[in-house]
Structure formats: C-alpha cells, structure tokens
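Q: I'd like to learn how to read contacts in a model like this one. Could you walk me through it?

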Amino acid sequence: MKKVKIYVTLRESVLDPQGAAVQGSLHKLGYGEVVDVRIGKYMELMIKPDGRNVDTLVQEMCRKLLTNTVIEDYRYEVEEAVAQ
Amino acid sequence: MKFAVIVFPGSNCDLDLYHAVKDELGEEVEYVWHDSPDLSGFDGVLLPGGFSYGDYLRCGAISRFSAVMEEVKKAADAGKPVLGICNGFQILTEAGLLPGALLRNKNLKFMCRTVELTVENADTMFTGEYEQGETVRIPVAHGEGNYYCDDETLAQLKANNQIVFTYNEDCNGSREGIAGITNARGNVLGMMPHPERAVHELIGGTDGLALFKSIVKQWREAHVTHA
C-alpha cells in the first residue's frame with residue numbers, strides 16, 4: 001500500500017487573497033517578519049498498486065481532476081503504508 | 001426552439017432558468033439530468049448556477065466528468081448555443097470549453113447584489129438584442145467569480161472579441177473586469193452574472209431577457225427562414 005501526500009497551491013503568478021488576509025493578520029499580531037503566506041490544499045490518497053507506476057498514476061490524477069493547472073501547482077510525496 | 005437545462009447534483013438556479021425560458025421567453029425547455037447520454041434533441045444547452053458536487057474539490061471540477069458533458073461538448077462542436085451561468089461558467093472552464101479559470105473573489109466576500117455590466121460585444125448570438133457598449137443591470141451571486149487567465153489568453157480573447165460582458169466596477173478582482181466570455185467560435189458563452197434573475201420587473205429588472213431573446217432570434221434566422 002502506498003500513501004500519497006499531495007500539496008496543491010495557487011501558482012506563484014496568481015494572487016492568493018486568503019494568504020494575503022492571513023499575512024495581514026499575522027502582521028497585526030506582531031509577526032512582521034512574515035513576507036508571504038500561500039494557502040493551499042492537502043490531500044492524502046491510499047493507493048493499492050496494481051502494477052502501474054504510482055508516479056504516473058498520481059500525475060495523471062493531478063492533471064485530470066485534482067488540480068487545475070491554469071491556476072494551481074502541485075507536488076507530492078509517496079510513502080510506504082500499512083493497509084488498514 | 002428547444003432548450004435543455006442541465007441539472008447537476010447541487011444545481012440551484014435550474015428552476016430560475018427553466019422559468020425564464022418557459023414563462024418569460026415562451027420557448028420549449030426540459031430539465032436534463034447530469035448522467036443523460038443524449039442532447040441531440042435540443043437546440044440550445046443551458047448550464048445553471050449552483051454548487052455542483054458541493055464544490056468540494058474546486059467549483060465545477062467534478063461536474064466536468066458528468067456523462068452529459070460529453071454531450072455538451074458535442075453540442076458546442078455542432079455550433080449550438082451553450083450558455084453557462086455562474087457555476088455553469090466554472091464548469092465550462094474546467095471542461096476546457098472556455099479558457100481561463102475562476103478564483104476566489106479578491107475581497108474574499110460572497111457577493112450577492114445587482115451590478116452594472118457593459119456589453120462589450122453586441123455581435124454574438126447571445127447579445128444581438130443589446131446595443132454595443134450598453135449598460136445593463138444583472139444580479140451576481142458568487143464567492144468565486146474572479147476571472148483569471150494568463151497574458152497570452154487575454155490577448156487572444158481581445159483579438160477575437162471574445163470578451164462579451166465587463167463589470168462597471170471592480171467587484172471581484174477579475175482580469176480587466178471580465179464578467180463573461182465566449183469561445184473563439186462564439187457559440188459558447190460563460191458568465192458569472194445571472195441573466196435568468198433579471199427577466200421580470202417583479203424580480204427587479206428585465207435586462208437579462210434580451211440575452212435569451214438574442215439566442216432565439218439568431219436561431220430562428222438560421223433555422224426557420226424557409227418556413
């Protein structure tokens with residue numbers, strides 16, 4: 001069993017209004033050293049390999065459904081996991 | 001003219017669209033469930049606003065894979081008018097039938113009020129009954145209506161006159177105030193404002209009715225000239 005951790009964030013070129021709002025609040029709390037905040041999504045997929053390459057599968061899934069590459073970037077990590 | 005109103009799990013403006021077409025426009029209309037395998041009997045396709053599949057992943061992202069979307073693509077390829085309003089617009093961008101994407105409103109607020117739009121292109125099958133440059137009042141109701149596209153796409157939209165409506169104020173952060181665009185061919189329109197909510201004085205105005213009348217007039221001219 002593989003555990004895939006996928007991190008989706010808005011592309012650098014896209015304004016992240018949620019991140020900007022949180023950054024503003026951190027500044028108000030005195031954390032002026034925070035120069036940028038980007039807010040994204042975290043997804044966990046448990047995948048039972050069936051012979052197909054896990055990287056290929058994850059990239060396909062990200063491209064087709066999990067992200068919109070017009071506005072989002074993604075990265076992921078694959079870990080060994082024990083079946084529940 | 002016979003319209004299909006596509007109903008996705010979570011659509012909530014389908015009744016308004018049905019009412020606009022049937023009662024205010026006086027044309028034929030049917031609800032079509034999202035798993036329908038056939039739209040061939042319809043002359044025009046309407047994708048309503050709402051929260052298809054709860055917007056759990058992204059607005060419109062899951063609807064894009066509904067069986068009926070293959071049929072919507074066929075209708076678009078056949079040159080039939082396809083109109084996506086609000087969530088319908090988001091679905092059309094996710095499906096690749098329109099360029100760009102819709103982001104969270106710049107001020108992070110859900111916005112529900114009537115806004116003024118400029119008709120930037122009155123030479124489409126959706127806007128023939130408007131004047132070029134006319135100001136119209138149409139309600140908006142969205143949290144993710146901030147239209148985004150890259151510079152290259154924006155240049156293409158301008159070069160092809162695909163920008164159909166713009167906001168007269170910066171209400172959501174959309175690039176160049178874009179409120180509605182068509183595809184390059186001009187038969188697929190996506191817009192965040194709700195013309196179906198502006199079809200009767202009782203609900204605050206009638207500026208949206210001309211959009212539906214434009215579609216019907218254009219269709220009649222193309223199909224009923226020899227009747």
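This is a predicted model: local features need pLDDT of at least 70, side-chain atom pairs count only at pLDDT 80 or more; totals for chains, interfaces and linings use all residues.

Q: Where in chain B does E24(B) lie?

A: In helix α1, which covers residues 14-25 of chain B.

Q: Which residues is E24(B) in contact with, leaving aside neighbours within four places in sequence?

A: H19(B), V199(B), H200(B) and L209(B).

Q: Is E24(B) buried, exposed or partly exposed?

A: Buried means under 20% relative accessible area and exposed means over 50%. E24(B) has 23% relative accessibility, so it counts as partly exposed.

Q: Now the interface. How many residues of chain B are in contact with chain A?

A: 16 residues of chain B, and they meet 17 residues of chain A. About 1300 Å² is buried between the two chains, with 66% of it on carbon and sulfur atoms. On the chain B side, L57(B), R58(B) and Y148(B) lose the most area, together 40% of what that side buries.

Q: Which residues form the salt bridge between the chains?

A: R58(B) pairs with E72(A), and their closest N and O atoms are 3.7 Å apart. The count between chain B and chain A is 1 salt bridge, alongside 6 residue pairs in polar contact.

Q: What classes of residue make up the chain B side?

A: By class, 9 are nonpolar, 2 polar and 5 charged.

Conventions
Residues are numbered from 1 along each chain as its sequence is written. Chains are lettered from A and ligands numbered from 1 in the order in which they are written. Side-chain values use heavy atoms; hydrogens and water are left out. Contact means heavy atoms within 4.5 Å. Buried area is the accessible area (1.4 Å probe) that two parts lose on being put together, summed over both. A salt bridge is a side-chain nitrogen of Lys or Arg within 4 Å of a carboxyl oxygen of Asp or Glu. A polar contact is a pair of N or O atoms within 3.5 Å; within protein, one must be able to donate a hydrogen and the other to accept it, and residues adjacent in sequence count only if both atoms are side-chain atoms. Ala, Val, Leu, Ile, Met, Phe, Trp, Tyr, Cys and Pro count as nonpolar, Asp, Glu, Lys and Arg as charged, and the others, Gly among them, as polar. Helices (H or I, at least four residues) and strands (E, at least two) are DSSP runs, numbered from the N terminus. Buried means under 20% relative accessible area, exposed over 50%, partly exposed in between (1.4 Å probe, protein chains only).
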